[in-house]
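Student: I have not looked at this structure before. Could you take me through it?
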Amino acid sequence: MSMMNSTAELEMASADIAPPLSGMFKTGRADVAQKRLSLALKPHKISQSVEESLSFCHQEKSFGSMSFNWLSYGADVTIAAPELEDVYFFQFTLAGECNVSQGGKSLNSDTGSLYVVDPYRPFEKKWQSDCS
């Protein structure tokens, strides 16, 4: 899957994504999940090393310029994202475990932990199927 780069691509993707970003959204397709989060957050790439179905869920709640997002993939996935530039990303791991790599360093984020992504460096997250 390639990253979406243009506003036109994101607008086209939004036609496939319903309900509005503020509601609960579910899909079993990695390409639809990728489009959904590219609209809600920033363009990125979702990949799987083993072809298994997703049980993707996303819910967003916005407060002015800040938003909280709850995510679950229900399968092992890798998320690769470019620099976020103007977005500070804080991840609270509520269940399961994921591995985050950025700037040549890697750490495991397990249940109850928090990490902050440096917005000026690309990063990669490997989510286990039980992570949310």
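This is a predicted model: local features need pLDDT of at least 70, side-chain atom pairs count only at pLDDT 80 or more; totals for chains, interfaces and linings use all residues.

Student: In what order do the five strands of the open sheet come?
Tutor: The order is β2-β5-β10-β7-β8, with antiparallel pairing.

Student: Which strands stand at the edges?
Tutor: Those are β2 (45-47) and β8 (105-110). Each has a single partner strand, so one side of each is left without a neighbour in the sheet.

Student: And how much are neighbouring strands turned against each other?
Tutor: On average by 20 degrees, with direction ignored.

Student: How many bridges are there between β7 and β10?
Tutor: Strand β7 (residues 97-102) and strand β10 (residues 123-127) pair over five bridges. Asparagine 99 stands opposite lysine 126 of β10.

Student: On to the rings. How many aromatic pairs are found in the whole structure?
Tutor: The search finds five. One of them joins phenylalanine 25 and phenylalanine 56, and it is edge-to-face because the planes are at 65 degrees, over the cut-off of 60. Their ring centres are 6.4 Å apart.

Student: Where in the chain do those two lie?
Tutor: Phenylalanine 25 is in strand β1 and phenylalanine 56 in strand β3, 31 residues apart.

Student: Are they buried or exposed?
Tutor: Both are buried, and phenylalanine 56 has a relative accessible area of 1%.

Student: What does phenylalanine 56 form with tyrosine 73?
Tutor: They form a tilted aromatic pair, 5.2 Å centre to centre with 50 degrees between the planes. Tyrosine 73, in the loop between β4 and β5, is buried at 2% relative accessibility. Ring pairs link Phe25, Phe56, Tyr73 and Trp127 into a cluster.

Conventions
Residues are numbered from 1 along each chain as its sequence is written. Side-chain values use heavy atoms; hydrogens and water are left out. Two strands pair if DSSP finds at least two bridges between them. Helices (H or I, at least four residues) and strands (E, at least two) are DSSP runs, numbered from the N terminus. Axes are lines fitted to C-alpha atoms, for helices over the stretch in contact, and angles run from 0 to 180 degrees between N-to-C directions. Rings of Phe, Tyr and Trp (its six-membered ring) pair if their centres lie within 6.5 Å; planes under 30 degrees apart count as stacked, over 60 as edge-to-face and the rest as tilted. Buried means under 20% relative accessible area, exposed over 50%, partly exposed in between (1.4 Å probe, protein chains only).
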